[in-house]
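Biologist: Hi! Could you walk me through this structure in plain words?

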Amino acid sequence: MSNLKNSVRLTGYAGSDAIQVELGGHKRLARVNMAVNEQFRGRDGLINRQTQWFQLVFWDGKAEQALLSIRKGTGFSVEGRLVNHHYKTKDGQEKLSTEVVVNEITMELQEDTRRQ
């Protein structure tokens with residue numbers, strides 16, 4: 001069990017163009033949402049389609065790659081780690097957000113297969 005690590009792999013489509021987040025110093029950050037489409041057969045035998053959305057974060061060289069290559073509808077794969085952020089809203093409610101900090105990106109999906 002000591003070999004377990006925080007790791008996630010996703011393949012999907014960009015929900016928007018990658019955006020740059022301004023930071024001080026020499027750090028570079030980019031963000032984009034990824035839609036991952038799933039389908040499964042329900043108890044009634046019908047095929048159900050579901051889309052899960054994930055917030056991706058790219059740092060430094062990966063940010064540069066994301067900014068140059070990810071546009072809305074672009075298909076790609078990532079490998080990274082999950083990071084949780086706890087915060088309070090203006091009205092004092094506790095919230096949790098989860099994002100994927102990307103280690104590897106592969107621009108492998110050439111065709112938009114969502115319509116098939």
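Modeller: Happy to; we can go through the core, the charged pairs and a couple of loop residues.

Biologist: Great. What should I know before we start?

Modeller: This is a predicted model, where local features need pLDDT of at least 70, side-chain atom pairs count only at pLDDT 80 or more, and totals for chains, interfaces and linings use all residues. Residues are numbered from 1 along each chain as its sequence is written, and side-chain values use heavy atoms, with hydrogens and water left out.

Biologist: Okay, the core. Which residues touch the most other members of the largest nonpolar core?

Modeller: Those are Leu10, Val32, Leu56, Phe58, Ile70, Phe76 and Val78, out of 19 residues in that core. A nonpolar core is a set of buried Ala, Val, Leu, Ile, Met, Phe, Trp, Tyr and Cys residues joined through side-chain atoms within 4.5 Å. Buried means under 20% relative accessible area, exposed means over 50%, and partly exposed is in between (1.4 Å probe, protein chains only).

Biologist: Which elements give two or more residues to this core?

Modeller: They are β1 (8-14), β3 (29-41), β4 (47-59), α1 (60-69), β5 (75-88) and β6 (94-109). The largest share, four residues, is from β3. Helices (H or I, at least four residues) and strands (E, at least two) are DSSP runs, numbered from the N terminus.

Biologist: And what does Leu56 touch?

Modeller: Setting aside residues up to four places away in sequence, Leu56 touches Leu10, Ala30, Arg31, Val32, Met34, Phe76, Val78, Val100 and Val102. Contact here means heavy atoms within 4.5 Å.

Biologist: Why would nonpolar side chains be buried together?

Modeller: In soluble globular proteins, that is what they tend to do.

Biologist: New topic: how many salt bridges does the structure hold?

Modeller: Four. A salt bridge is a side-chain nitrogen of Lys or Arg within 4 Å of a carboxyl oxygen of Asp or Glu. One of them joins the side chains of Asp60 and Lys27 (3.5 Å, N to O). Asp60 is in helix α1 and Lys27 is in the loop between β2 and β3, so this pair links distant parts of the chain, 33 residues apart.

Biologist: Why does Asp60 count as partly exposed?

Modeller: Because its relative accessibility is 31%. Lys27 also counts as partly exposed, at 48% relative accessibility.

Biologist: Which residue forms a salt bridge with Arg31?

Modeller: That is Glu99, and the closest N and O atoms are 2.9 Å apart. Here too the pair links distant parts of the chain, with Arg31 in strand β3 and Glu99 in strand β6, 68 residues apart. Arg31 is partly exposed, with a relative accessible area of 26%.

Biologist: And Glu99, buried or exposed?

Modeller: Buried, because its relative accessible area is 11%. The side chains of Glu99 and His85 are joined by a polar contact of 2.8 Å. A polar contact is a pair of N or O atoms within 3.5 Å; within protein, one must be able to donate a hydrogen and the other to accept it, and residues adjacent in sequence count only if both atoms are side-chain atoms.

Biologist: Last one: where is Leu46?

Modeller: Leu46 sits in the loop between β3 and β4. At 54% relative accessibility, Leu46 counts as exposed. The C-alpha atoms of Leu46 and Val32 are separated by 32 Å, and these residues are 14 residues apart along the chain.
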